[in-house]
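Hello,

Here is the model I promised to pass on. Please open it alongside this note; my findings follow below.

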Amino acid sequence: MHIATVVNSAFESVLNKVESSAKSAQETAALFAGSPEVVEAFTIAHTGNISDERSEQSQAAREYIREFMHDELTNYKS
């Protein structure tokens, strides 16, 4: 087998896995996107600079989501 064929095959395999993972992540995120807790987290984040991941409000929003998602994240990690 020519090396270019092997490399292309490996590249396609990785690309397919990345696309599959991205689709799965989007589907999972869609389950929670409209929940009141997620909306509240966005509200908290928007009280500061939403573009600054280091802002206090952004951190507070992440902590709020982590608390809300604790059980789901625990199950996901298991």
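This is a predicted model: local features need pLDDT of at least 70, side-chain atom pairs count only at pLDDT 80 or more; totals for chains, interfaces and linings use all residues.

The largest pocket has a volume of about 320 Å³. Two elements each give two or more residues to its lining: helix H1 (3-32) and helix H4 (70-77). H1 supplies the largest share, five residues. In total, twelve residues line the pocket. Those nearest its centre are Ala25, Thr28, Ala29, Phe32 and Met69. What is the make-up of the lining by class? Nine of the lining residues are nonpolar, two are polar and one is charged.

Next, the overall fold. The secondary structure consists of four helices and zero strands. Along the sequence the pattern reads α-α-α-α. The radius of gyration is 19 Å, while the globule rule gives 12 Å for 78 residues. The computed value is well over that figure, so the protein is more spread out than a compact globule. Along the principal axes, the C-alpha atoms fill a box of roughly 55 × 30 × 20 Å. Buried residues account for 12% of the 78 residues.

Ser55 deserves a look. Where does Ser55 sit? Its place is in the loop between helix H2 (36-45) and helix H3 (56-68). Is Ser55 buried or exposed? Ser55 counts as buried because its relative accessible area is 9%, and the cut-off for buried is under 20%. The side chain of Ser55 also makes a polar contact with the side chain of Ser58, at 2.9 Å.

Last, the charged side chains. Side chains of opposite charge can pair when their charged atoms come close. How many salt bridges does the count give? The count comes to one salt bridge. Arg54 and Asp52 form a salt bridge through their side chains, at 3.7 Å from N to O. Arg54 is exposed, with a relative accessible area of 72%. Asp52 has a relative accessibility of 25%, so Asp52 counts as partly exposed.

One is the pocket, with Phe32 and Met69 among the residues nearest its centre. The other is the loop between H2 and H3, where you will find Ser55.

Best wishes

Technical notes: Residues are numbered from 1 along each chain as its sequence is written. Side-chain values use heavy atoms; hydrogens and water are left out. Buried means under 20% relative accessible area, exposed over 50%, partly exposed in between (1.4 Å probe, protein chains only). A polar contact is a pair of N or O atoms within 3.5 Å; within protein, one must be able to donate a hydrogen and the other to accept it, and residues adjacent in sequence count only if both atoms are side-chain atoms. On a 1 Å grid over the protein atoms alone, a cavity is a set of points where a 1.4 Å probe fits but cannot get out, and a pocket is an open set with protein on both sides within 12 Å along at least five of seven lines; lining residues have an atom within 4 Å of a point. Grid points are joined across faces, edges and corners, and a volume is the space filled by probe spheres set on the points. Ala, Val, Leu, Ile, Met, Phe, Trp, Tyr, Cys and Pro count as nonpolar, Asp, Glu, Lys and Arg as charged, and the others, Gly among them, as polar. A salt bridge is a side-chain nitrogen of Lys or Arg within 4 Å of a carboxyl oxygen of Asp or Glu. The radius of gyration is taken over C-alpha atoms; the globule rule is 2.2 Å times the number of residues to the power 0.38.
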